[in-house]
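Student: I have a new structure to look at, and I would like to learn how to read its features. Could you walk me through it?

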Amino acid sequence: MTAPLQRCGWRGMAGDPLYEAYHDTEWGVPEYDSRALWEKLVLDGFQAGLAWITILRKRDAFRAAFDGFDPEKVARYGDVDRARLMADAGIVRSNAKIDAAIASARTYLDMREKGEDFAAFCWGFTDGKVVQNAWSDVGQVPAQTPLAVEVSKALKARGYKFVGPVIVYAWMQAVGIVNDHLTCCFRHDEVKGCAHG
């Protein structure tokens, strides 16, 4: 009989197939696609004040509601779309967060029109390299770091909302800008092997 996989000790993950699959296949894998990075940032904004598993369970509904997180479509949303989203029980219904998501699509496109690629912007803070941490206990993992504060300020300066340092750090962990899998977790070294450079 094989021993069970050692995972990061996230609260509520053990035995939850959706949460375990997200941890085992997605969280911390370096993401270099601009649209995917933007989608995750929007979803992390919706997470503010909630547990990530809440958003994860609603992610398919979010993707359906927001046209697959196509920034060109989301940027054109008006009052009818806002009303549709506020009536959608499958997502987190918050006027402020919905407005922030629509505005962020416009900011994303504005950056692109000015020649600033979102992925290049995101990875520019670490010169394209993954920050490799080596935490042995979940209690050691910080909620935010000076780098997250720097990225948060830069995002806010461009007009993004719901991008405080704690949200931004959770996003950086999720998209693999930071490898915060615990050293005892089977994914720590696997994710380390995914990194460019």
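**Reading salt bridges and a buried helix**

Tutor: Gladly! Let us start with a pair of residues: Asp44 and Lys40 are both buried. Keep in mind that this is a predicted model.

Student: What do the side chains of Asp44 and Lys40 form?

Tutor: They form a salt bridge, and their closest N and O atoms are 2.7 Å apart. To read such a pair, check the distance between the side-chain nitrogen and the carboxyl oxygen, which has to be within 4 Å.

Student: How many salt bridges does the structure hold?

Tutor: There are 13. One of them joins the side chains of Arg59 and Glu26, at 2.6 Å from N to O. This pair ties together distant parts of the chain, 33 residues apart: Arg59 belongs to helix H3 (residues 52-65), while Glu26 lies in the loop between helix H1 (17-25) and helix H2 (34-47).

Student: Which residue forms a salt bridge with Glu39?

Tutor: That is Arg63, with the closest N and O atoms 2.7 Å apart. This pair also links distant parts of the chain, with Glu39 in helix H2 and Arg63 in helix H3, 24 residues apart. Try the cut-off again: Glu39 is buried because its relative accessibility is 5%, whereas Arg63, at 31%, counts as partly exposed.

Student: Now I would like to read a whole helix. Why is helix H9 described as largely enclosed by the rest of the structure?

Tutor: For a helix, go through its residues and see which are buried. Helix H9 covers residues 165-174, and seven of its 10 residues are buried, so the rest of the structure largely encloses it.

Student: Which residues of H9 are buried?

Tutor: They are Ile167, Val168, Tyr169, Trp171, Met172, Gln173 and Ala174.

Student: What covers the buried residues of H9?

Tutor: The cover includes H1 and H2, together with helix H7 (118-124), helix H8 (146-158) and strand S2 (178-179).

Student: Which residue just after H9 takes a positive phi?

Tutor: Look at Gly176, where phi is about 80 degrees.

Terms used. Residues are numbered from 1 along each chain as its sequence is written. This is a predicted model: local features need pLDDT of at least 70, side-chain atom pairs count only at pLDDT 80 or more; totals for chains, interfaces and linings use all residues. Side-chain values use heavy atoms; hydrogens and water are left out. Helices (H or I, at least four residues) and strands (E, at least two) are DSSP runs, numbered from the N terminus. Buried means under 20% relative accessible area, exposed over 50%, partly exposed in between (1.4 Å probe, protein chains only). Contact means heavy atoms within 4.5 Å.
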